[in-house]
Amino acid sequence: TLKIYNGVTLLDSKSKNVAIYALPVADFAVEDTCLGSPAEFVNNSTSEDGDIVGYVWNFGDGEGELIETPSHIYPDGGVFEVSLTVESYYGCVSTVTNVVSVFQLPDATIFTEFTEYCEGDPITLSVDDQYQSAIWGCSNPNVILPVDDDWFIITVQGTPVGTWLFEATVFEINNSQLGQGATVCKDNTEIEITVHPTPTLVTTVDETPVTIGAEVQLEVMSTNSTLADFVWTPLDNMNDPFVISPLV
């Protein structure tokens, strides 16, 4: 109300209503996440006077959004300060800030002495044991994986001949800096293992007597077409003990 006086005499007055609108309440929730997985933001903002018509998100890594409920994949691990600014229909503005932790993934690299084995050889595979647990798998369903308390190293027996993929998944439990509970991050990888068949040899004996000093050629047959090395014994009077058919 505005009143105009001449001395003590009221000359005129004018009254108008002024609306004071409540500020909106900016609020959101987000759970910690793992690198490569989206952080899901749950918008809990409210407004007593007029609908919320504007949202401005700042994810703390130089990126942002203007939608109500976004998700965001962070390029790096770390703790990021996230802010949300909301605007009501009447132009009233409110801002809230929260943080989200993005945890690095564990490393599921598989270690093994060889990637090629002979039939019947035990295959030993391992992963880094700094994590909480590991799970193994194989592309051949007939391969029996050992059941052991220590899953960070396994020795597989009786793997069939062929090329198979062995898979390891490791899990790491990360505790939130804000008491939000634990976040489990996992990583998995595969390694190709080839199991070669044991070479088979068939020898024949020629019992025909020979004269002392005469040459005899030793013969051997195999179903394997990839035989590479040969070693004959004893070496006495043999021209070459490292070929498939030496002369004695």
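1. Strand 5 and strand 8 are joined by two bridges and run antiparallel, where strands are DSSP runs of E with at least two residues, numbered from the N terminus, and two strands pair if DSSP finds at least two bridges between them. In this pairing, A39 has H72 of strand 8 as its bridge partner. The two strands belong to an open sheet of three strands, in the order 3-5-8, with antiparallel pairing. Its edge strands are strand 3 and strand 8 (71–72), each of which pairs on one side only.

2. A word on the basis of these remarks: the model is predicted, so that local features need pLDDT of at least 70 and side-chain atom pairs count only at pLDDT 80 or more, while totals for chains, interfaces and linings use all residues. Residues are numbered from 1 along each chain as its sequence is written, and side-chain values use heavy atoms, with hydrogens and water left out.

3. Strand 11 runs parallel to strand 16 (residues 182–196) and is joined to it by three bridges, with C118 standing opposite H196 of strand 16. Strand 16 in turn pairs with strand 15 in the antiparallel sense over 14 bridges, and here L165 has E192 of strand 16 as its bridge partner. Strand 13 and strand 15 (residues 162–175) also run antiparallel, joined by six bridges, and the partner of C138 in strand 15 is F166. As background, strands of a sheet pair through backbone hydrogen bonds, either parallel or antiparallel.

4. Aromatic rings deserve a separate point. Rings of Phe, Tyr and Trp (its six-membered ring) pair if their centres lie within 6.5 Å, and planes under 30 degrees apart count as stacked, over 60 as edge-to-face and the rest as tilted; by this rule there are nine aromatic pairs. The pair of Y21 and Y90 is stacked, because the ring centres are 3.6 Å apart and the planes stand at 10°. Y21 lies in the loop between strand 2 (9–14) and strand 3 (28–30), and Y90 in the loop between strand 9 (78–88) and strand 10 (93–103), so the pair ties together parts that are 69 residues apart in sequence.

5. A stacked aromatic pair is also formed by F41 and F59, at 5.2 Å centre to centre and with 25° between the planes. F41 lies in strand 5 (residues 39–43) and F59 in the loop between strand 6 (52–58) and strand 7 (64–65), so this pair ties together parts that are 18 residues apart in sequence. Both F41 and F59 are buried, a class that means under 20% relative accessible area, with exposed meaning over 50% and partly exposed lying in between (1.4 Å probe, protein chains only). Ring pairs link F28, F41, W57 and F59 into a cluster.

6. The surroundings of F28 include a contact in space worth checking. S45 and F28 are 17 residues apart in sequence, yet their C-alpha atoms are 6.6 Å apart. S45 lies in the loop between strand 5 and strand 6 and is buried, with a relative accessible area of 15%.

7. Finally, two backbone features lie towards the end of the discussion. The peptide bond from T233 to P234 is cis, with omega near 0°, and P234 is found in the segment after strand 18 (220–222). N237 lies in the segment after strand 18 and has a positive phi of about 60° although it is not a glycine; N237 is exposed, with a relative accessible area of 71%. For comparison, most residues other than glycine have a negative phi, and most peptide bonds are trans.

Conventions:
Helices (H or I, at least four residues) and strands (E, at least two) are DSSP runs, numbered from the N terminus.
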